[in-house]
Amino acid sequence: MTEIRKVAVIGAGVMGSGIAAHVANAGVPVLLMDIVPEGAADRNALAKGAIAKLLKTEPAAFMSPRAAQLVEACNIEDHLDRLAEVDWIVEVVIERLDAKQALYKRIDAVRRPGTAVSSNTSTIPLDALVEGMPEAFARDFLITHFFNPPRYMRLLEIVTGSQTDLALAQTVMDFADRKLGKSIVRCKDRPGFIANRLGIVWIQNAIAAADDLGVPVEEADAVMGRPFGIPKTGVFGLVDLVGLDLIPHTTKSLRTALPPEDAFHATYREMPVITKLIADGYTGRKGKGGFYRLNRKDSQKTKEAIDLKTGEYRPSAKADLPALKEAKGPRAVLDLKGRVGGYAWTVMGPTLAYAAGLVGEASDEVAAIDEAMRLGYNWKWGPFELIDKIGGAYVAERLAKNGYAVPPILAGLNGQTFYRVENGRRQVLQAEGGYKDIVRPEGVLRLEDIKLSVKPLLKNGSASLWDIGDGVVCFEFTSQSNALDEQIMILLGKTIKLVKDKYKALVVYNEGSNFSVGANLGLALFAANIAAWGEIEKLVSVGQQTYGQLKYAPFPVVSAPAGMALGGGCEILLHSDAVQAHAETYIGLVEAGVGLVPAWGGCKEMLARWQASPKLPKGPMPAAAKVFETVSTATVAKSAEEARDLLFLRESDGITMNRDRLLADAKAKALSLVEGYEAPKPVTVTLPGPAGALAMRMAAEAFARRGIATKHDLVVAGELASVISGGETDTLDALDEDAILELERDSFMRLVRTEATLDRFESVIETGRPVRN
């Protein structure tokens, strides 16, 4: 078998149904099977119920409701013979060896020879799973350990056995990589594999240390979060997110499976507070709450946190730790005196030691262990990268001083680091000594690798330009949150001139968490506070001109977004010849949410797209109404696929499932446009005039009467209606791009002068959310 065209998932629980949904996201049909409930009128009830639940899940399991049509509800009594139709069978049933093996015998009786069969287990060894099974079954068997939720978690741990057909396993891995967007980490056949084995040790250390040292959960999460490159949930917030009830289950499995001498056992202890929380229904966010909860008493919502000593809830208090704010880097946090530094070391010291002890046990590769924690637990740095930042000698000496055994790979560093750059290549230390290059999979191009061996062609404080080969250059935002400012516009203007003279094509791309969250509101607020209206209008005009130059440049421009592409970040996509988007790209013109209208050509481009779209009736009003609806409600597409429905992306734009492949795909798309390239022709749009504006304002007023639009929302909607309707013209004249840009600029400037809009600016800067005036 060289291709996977259809998949079956057996087990329609949370994990199994999530895997099925994500296979469907890849455009691949999938059979979702479960048992027949006793006495059920509908024998497919479990699978059907799971699909219905997936359609309501938040965050969404499906990238588009259309994907759900690719999941077919089945049961293992009536439809098991249909496994002969599929190329990969994923087993996600109860974690009991006898149940799994009984199912495997039934699967083997109906599957086609050479069909891949895998288990999602993380606790039962592969050798035990295939024991007593025919040799042909063992040859086609492997473990594929997904992380929940399967759509969003990029890690896929793969375990193969001594009998596994490695070519077949590679087919599964290629499918998971390219179609499902997974980063593959090869693991040894050991309990818990890598991420959960190390992650559970970290969680146990963190909870126990907080209890021992009297550290409130809010302080513990502040220490265990961003200072160590860990999401701001920290550890207690993370446990709430994944579910408290999973912790006892996972620890029990590891306690049973790991040998007595494993250091895991030293970190384990019973936590009565967790037992009580679970017994009372506090299983985390999926239940009534966990270590944190929202108390909805007397129509008020109050965030509360558990007191680890008493087991009672109390009002949650933001951690006030000045020393933590001043500490620069993880080493500085570990060196802090008192409770903060003591807690940090008590958690991270043994965790890093345990990670070092996994080399040769869970994996032979340092880089694999780091990758597993980056992707499975969203750590910014893996444990060995953290050790490099802290200092290997520091960690080893402090471990020894505190009575911990120092793992051989850590004790033998002798001043070396786990990672280094040599001849422009990043290298990693091997367990047996010496370094080797980190080699990316075929078809992966990373800007972080390119930067190791070349200098930027152009650079300022907010952006850089890089030569990525074959006559293609990459424009990278480098400002905070990739917010757009005048420096970016200046460098983009210089870039257009350089590419015109010396290169074939331009890609706009970066490797930040988000492509761009839009314009820099902080700078705009500062300018407004000193009444520097001319500076704000200048930025609007420069942005319009620069985006126009980008659109009509004599070479192809391809934007490659991932994460959020909002406001001005969305507008740069709208002005590109093509977009190659990561599947998890969230695109929208959100200016109305902060009291503005899009002013860098977003309204203009969306009007042109919807007027040309066969999805709407012809005439000026349908397209204008659709754009007004989308922009006035600050609608954001929750996937690249949904962005196509909203015309933020066109049908011709590409979607890449694996983010590591995004730059290579964007470069290939850019090169495909070079031969015979012609810049687009300017467009005109016919708009509905004052009558259309009146209809739009009436629609906004209806929202206000229902209590879902504020007084200032009506002001913003009125300005937006004026732009989208074409201003005060009394006829249905076709307006050119410059005329619409002028309307955008004028409305923007009127709105930015209002106190209510500036209040929203301040709210976004302080809290990340606009206050509703």
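Predicted model: local features only at pLDDT ≥ 70, side-chain atom pairs only at ≥ 80, totals over all residues.
Which side chain meets that of Lys 604 in a salt bridge? The partner is Glu 605, with an N to O distance of 2.4 Å. Both Lys 604 and Glu 605 are buried.

**Salt bridges**
- The count for the model comes to 52 salt bridges.
- Arg 650 and Asp 653 form one of them through their side chains, at 3.4 Å from N to O.
- Salt bridges with shared partners link Arg 154, Arg 440, Arg 446, Glu 448, Asp 449, Glu 511 and Asp 660 into one network.
- Within this network, the side chains of Asp 449 and Arg 440 meet at 2.7 Å, N to O.
- Asp 449 is partly exposed, at 23% relative accessible area, and Arg 440 is partly exposed at 31%.
- In the pair of Arg 650 and Asp 653, Arg 650 is partly exposed at 25% relative accessibility, whereas Asp 653 is buried at 2%.

**Cysteines**
- The model has 0 disulfides.
- The closest cysteine sulfur to that of Cys 570 belongs to Cys 603 and is 10 Å away, so the two are too far apart for a bond.
- Cys 570 is buried, with 0% relative accessibility.
- Cys 74 is also buried, because its relative accessibility is 1% and the cut-off for buried is under 20%.

**Surface patch**
- Leu 241, Val 242 and Leu 246 make up a nonpolar patch on the surface, and their accessible area together is about 240 Å².
- Val 242 belongs to helix 9, which covers residues 236-242.
- The relative accessible area of Val 242 is 39%, so this residue counts as partly exposed.

Notes:
Residues numbered from 1 in each chain as written. Heavy atoms only, no water. Disulfide = S-S within 2.5 Å. Buried < 20%, exposed > 50% of the residue type's maximum accessible area, 1.4 Å probe, protein only. Patch = residues over 30% accessible without salt bridge, like charges linked within 9 Å, V, L, I, M, F, W, Y side chains within 5 Å. Areas by Shrake-Rupley, 256 points an atom, 1.4 Å probe, with all protein chains shown as cover. Salt bridge = Lys/Arg side-chain N within 4 Å of Asp/Glu carboxyl O. Helix = DSSP H or I, 4+ residues; strand = E, 2+ residues; numbered from the N terminus.
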